[in-house]
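Open the model in your viewer and keep the selection panel handy. We will go from stop to stop, and at each one I will say what to select and what is there.

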Amino acid sequence: MGMITDWPSLAACQNGDPDALFVQGAEQNVAKRICRSCPVRYECLADALDNRIEFGVWGGMTERERRALLRRHPQVASWRKMFEAAMKKNAKDRSGKDKILVTAAG
């Protein structure tokens, strides 16, 4: 399963106050909580990173956190592709572990 292209329509913040995600200081921690259970958190974060969005909480990260991530990983050309590859690897690793458990139990 890849990442969702039309992610904004599924975002946890879709029906909320958009200004609630563009706050400063301690209020950012409140805004980040909205993202915790969001089904498209990584799509949102990838979009913000790939487009160098400077303001607001996106994908559970503040602008400062995103800038730091971009500085630490300047070699990443596409965060969306990187997240997709990581998701596929994680799914493959999980399916392999499930098979091992079934074999060991069987």
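## First stop: the salt bridges

Select Lys89 and Asp93: they form a salt bridge, with the closest N and O atoms 2.9 Å apart (a salt bridge is a side-chain nitrogen of Lys or Arg within 4 Å of a carboxyl oxygen of Asp or Glu). Both residues lie in helix α4, 4 residues apart, about one turn of the helix (helices are DSSP runs of H or I with at least four residues, and strands are runs of E with at least two, numbered from the N terminus). Lys89 is exposed, with a relative accessible area of 53%, whereas Asp93 is partly exposed at 33%. Here buried means under 20% relative accessible area, exposed over 50%, and partly exposed in between, with a 1.4 Å probe and protein chains only.

Before moving on, note that this is a predicted model, in which local features need pLDDT of at least 70 and side-chain atom pairs count only at pLDDT 80 or more, while totals for chains, interfaces and linings use all residues. Residues are numbered from 1 along each chain as its sequence is written, and side-chain values use heavy atoms, leaving out hydrogens and water.

How many salt bridges does the structure hold? There are 3. Select Glu84 and Arg80 for another, where the closest N and O atoms are 3.9 Å apart. These two are 4 residues apart in helix α4, so about one helical turn separates them. Both are partly exposed, Glu84 at 21% and Arg80 at 22%.

Now select Glu65 and Lys32, whose side chains meet in a salt bridge at 2.7 Å, N to O. This pair links distant parts of the chain: Glu65 sits in helix α3 and Lys32 in helix α1, 33 residues apart. Glu65 is partly exposed, with a relative accessible area of 28%.

## Second stop: helix α1

Next, select Met3, Leu45, Ala46, Leu49, Met61, Leu69, Leu70, Val76, Trp79 and Phe83, the 10 residues of the largest nonpolar core. A nonpolar core is a set of buried Ala, Val, Leu, Ile, Met, Phe, Trp, Tyr and Cys residues joined through side-chain atoms within 4.5 Å. Colour α2 (41–50), α3 (63–72) and α4 (79–105), each of which supplies at least two residues of this core. Which helix gives the most? It is α2, with 3 residues.

Centre the view on Trp79: not counting residues up to four places away in sequence, Trp79 touches Ala46, Leu49, Asp50, Leu69, Leu70 and His73 (contact means heavy atoms within 4.5 Å). Apart from this core lies another, of 7 residues, among them Cys38, Val40, Cys44 and Ala48.

While α2 is coloured, pick out its buried residues: Glu43, Cys44, Leu45, Ala46, Ala48 and Leu49. After α2 comes Arg52, whose phi is positive, near 50°.

Select Trp7, Phe22 and Trp58, which form one aromatic cluster. The structure holds 4 aromatic pairs: rings of Phe, Tyr and Trp (its six-membered ring) pair if their centres lie within 6.5 Å, and planes under 30 degrees apart count as stacked, over 60 as edge-to-face and the rest as tilted.

Trp7 and Trp58 are edge-to-face, at 6.5 Å centre to centre and 80° between the planes. Trp7 lies in the segment before α1 (27–36) and Trp58 in the loop between α2 and α3, so the pair ties together parts that are 51 residues apart in sequence. Both Trp7 and Trp58 are buried.

Phe22 and Trp58 have ring centres 6.3 Å apart and planes at 80°, so this pair is edge-to-face. Phe22 is in the segment before α1, 36 residues from Trp58. Is Phe22 buried or partly exposed? At 44% relative accessibility, Phe22 counts as partly exposed.

## Last stop: confidence

Finally, colour by pLDDT, the predictor's confidence in each residue from 0 to 100. The chain has a mean pLDDT of 89, and 89% of its residues reach 70 or more. Select residues 100–106: the pLDDT is below 50 there, and beyond near neighbours in sequence this stretch has 0 contacts in the model. Where pLDDT is low, the predicted coordinates should not be read in detail.
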